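Dear colleague,

Please find the structure below, followed by a summary of what was found in it.

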Amino acid sequence: MNNIVIVPFNEKYIDDIFKISTMSFITPWTRKSTEEELQNKFARYVVAKLGDVVIGFGGVWLILDEGHITNIAVHPEYRGIGAGDMIVEALIEICRLEGINSMTLEVRKSNIAAQALYKKHGFIEKGIRKGYYTDTKEDGIIMWKFDLSK
Ligand SMILES: CC(C)(COP(=O)(O)OP(=O)(O)OC[C@H]1O[C@@H](n2cnc3c(N)ncnc32)[C@H](O)[C@@H]1OP(=O)(O)O)[C@@H](O)C(=O)NCCC(=O)NCCS
């Protein structure tokens, strides 16, 4: 049992999310794109906190009857303690509450940790986008979770 809690996005977390994103992605969001994305009306973001420390975040776009996971990241010093699990569960629950029944995402072919995380939560590989990531030309694996009631 960890003491991590998941809370909805609030503007006061923008700096923390920007920092975690910078530490977590090959091509992180800029500060401006972070602010814009977090205020996108089709997006729902959550933050993982351990005490007062923001240790991770994740988001989903609600597009018609589909939920598209945009990004999930946990601060490198706080990985491996269950925050990723809790963020994915929270995003699935948000989609359920919105009446959405399927979710999808793209993940780098080399990102074994993230693929394992999503598989653990019922996502399955359904295709490949060749050279999807423009920075490294890496392929993107498309994953789906179809029946959120399970
Ligand atoms: C992927 C990421 C979010 C996982 O977060 P985390 O808090 O460390 O994950 P958790 O501790 O909750 O682990 C949950 C599950 O993820 C998988 N996982 C996490 N780290 C892993 C690793 N290093 N290797 C393999 N599987 C891993 C496992 O299935 C794990 O479940 P288990 O402990 O029962 O085996 C984190 O590594 C991260 O921020 N990576 C950089 C950003 C990123 O790649 N985001 C995804 C973009 S699509």
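Which residues have the most contacts inside the largest nonpolar core? They are Ile-69, Leu-91, Met-103, Tyr-118 and Phe-123, in a core of 28 residues. A nonpolar core here is a set of buried Ala, Val, Leu, Ile, Met, Phe, Trp, Tyr and Cys residues joined through side-chain atoms within 4.5 Å, and buried means under 20% relative accessible area (1.4 Å probe, protein chains only).

This is a predicted model, in which local features need pLDDT of at least 70, side-chain atom pairs count only at pLDDT 80 or more, and totals for chains, interfaces and linings use all residues. Residues are numbered from 1 along each chain as its sequence is written, and side-chain values use heavy atoms, with hydrogens and water left out.

The largest share of the core, eight residues, comes from helix H3; helices (H or I, at least four residues) and strands (E, at least two) are DSSP runs numbered from the N terminus. Met-103 touches, among others, Ile-69, Leu-91 and Phe-123, contact meaning heavy atoms within 4.5 Å. A second, separate core of 13 residues includes Ile-14 and Val-47.

Seven strands form an open sheet of mixed pairing, in the order E1-E2-E3-E4-E5-E7-E6; two strands pair if DSSP finds at least two bridges between them. Its edge strands are E1 (4-8) and E6 (124-133). E3 and E4 pair in the antiparallel sense over eight bridges, and Gly-58 has Ile-72 in E4 as its bridge partner.

Yours sincerely

Notes. Buried < 20%, exposed > 50% of the residue type's maximum accessible area, 1.4 Å probe, protein only. Lists of a residue's contacts leave out its neighbours within four places in sequence.
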